[in-house]
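Biologist: Could you take me through one part of this model closely, with the cut-offs behind each term? I'd like to start with its pockets and then follow the elements around them.

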Amino acid sequence: RENNAWRFETPIETAADSVRVEAMLNSLTRLKVRTFESADPVRHGLDDATLRIRLTIEGNNRRQTILVGNRVPGENRDAAYYAQLVGNPTVFTVPAAPFNDLLEAQEALRERIFVQIDPALVDGFEIRSGTAQVVLQKLESGKWQIPFKTANGETARWTADSALIGRLLHA
């Protein structure tokens, strides 16, 4: 966490969707044990070779790590996982839902907005596709125009839809 924003540090450094991360963290902090099990690290997938997730949560001078192993057999596909707290031999089952996003965190929790520009600083666009090109320019009045060359080579201008461009910039 950096200020109020979340970031991935590995495997690539990129922004996380802070709303989704906060929702996931809230569901993890409200996590309740479903059942207690007799310890069998290999069958439960809690040994180092088959461990599915090792999740450490830090905050307020406190740190706790939960190990998440295999799915509980005989239940719905994603209903529950076996789990264990580090340093505690007790094995228990937990609902799968809070951990499913973690298994695909780079996809499920990544920020979808990849270009973050202050709309107030944008004063033009250049859009190209092959050899075709469209340029939009913001005038000092705040209105937008599209300059183009006429058949005789003179520059002409169309008025652009400022409301549409505003929606684009604030999407």
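How many residues line the largest pocket, and which of them lie nearest its centre?

Modeller: Happy to. This is a predicted model, in which local features need pLDDT of at least 70 and side-chain atom pairs count only at pLDDT 80 or more, while totals for chains, interfaces and linings use all residues. Residues are numbered from 1 along each chain as its sequence is written, and side-chain values use heavy atoms, with hydrogens and water left out.

The largest pocket is lined by 25 residues, and Trp6, Arg7, Val21, Leu55 and Thr56 are the ones nearest its centre.

Two or more lining residues come from each of strand 1 (7-8), helix 1 (18-29), strand 4 (53-59) and helix 4 (105-108). These elements are DSSP runs numbered from the N terminus: helices are H or I with at least four residues, strands are E with at least two. Strand 4 supplies the largest share of this lining, six residues. By class there are 13 nonpolar, four polar and eight charged residues; Ala, Val, Leu, Ile, Met, Phe, Trp, Tyr, Cys and Pro count as nonpolar, Asp, Glu, Lys and Arg as charged, and the others, Gly among them, as polar.

Now the second largest pocket. It holds about 470 Å³ and has 18 lining residues, with Leu28, Thr29, Ile57, Arg62 and Gln64 nearest its centre. Helix 1, strand 4 and strand 5 (62-71) each give two or more residues to that lining. The largest share, five residues, belongs to strand 5. Its lining splits into nine nonpolar, five polar and four charged residues.

A side-chain contact is worth a look here too. Thr65 sits in strand 5 and, at 14% relative accessibility, counts as buried (under 20% relative accessible area; exposed is over 50%, partly exposed in between, with a 1.4 Å probe and protein chains only). Its side chain makes a polar contact of 2.7 Å with that of Thr56, one of the residues nearest the centre of the largest pocket. A polar contact is a pair of N or O atoms within 3.5 Å; within protein, one must be able to donate a hydrogen and the other to accept it, and residues adjacent in sequence count only if both atoms are side-chain atoms.

Strands pair if DSSP finds at least two bridges between them. At the strand 3 end, three bridges join strand 3 to the antiparallel strand 7 (residues 91-95), and Phe36 stands opposite Phe92 in strand 7.

Terms used:
1 Å grid on protein atoms, 1.4 Å probe; cavity = no way out; pocket = protein on both sides within 12 Å on 5 of 7 lines; lining within 4 Å. Points joined across faces, edges and corners; volume = space filled by probe spheres on them.
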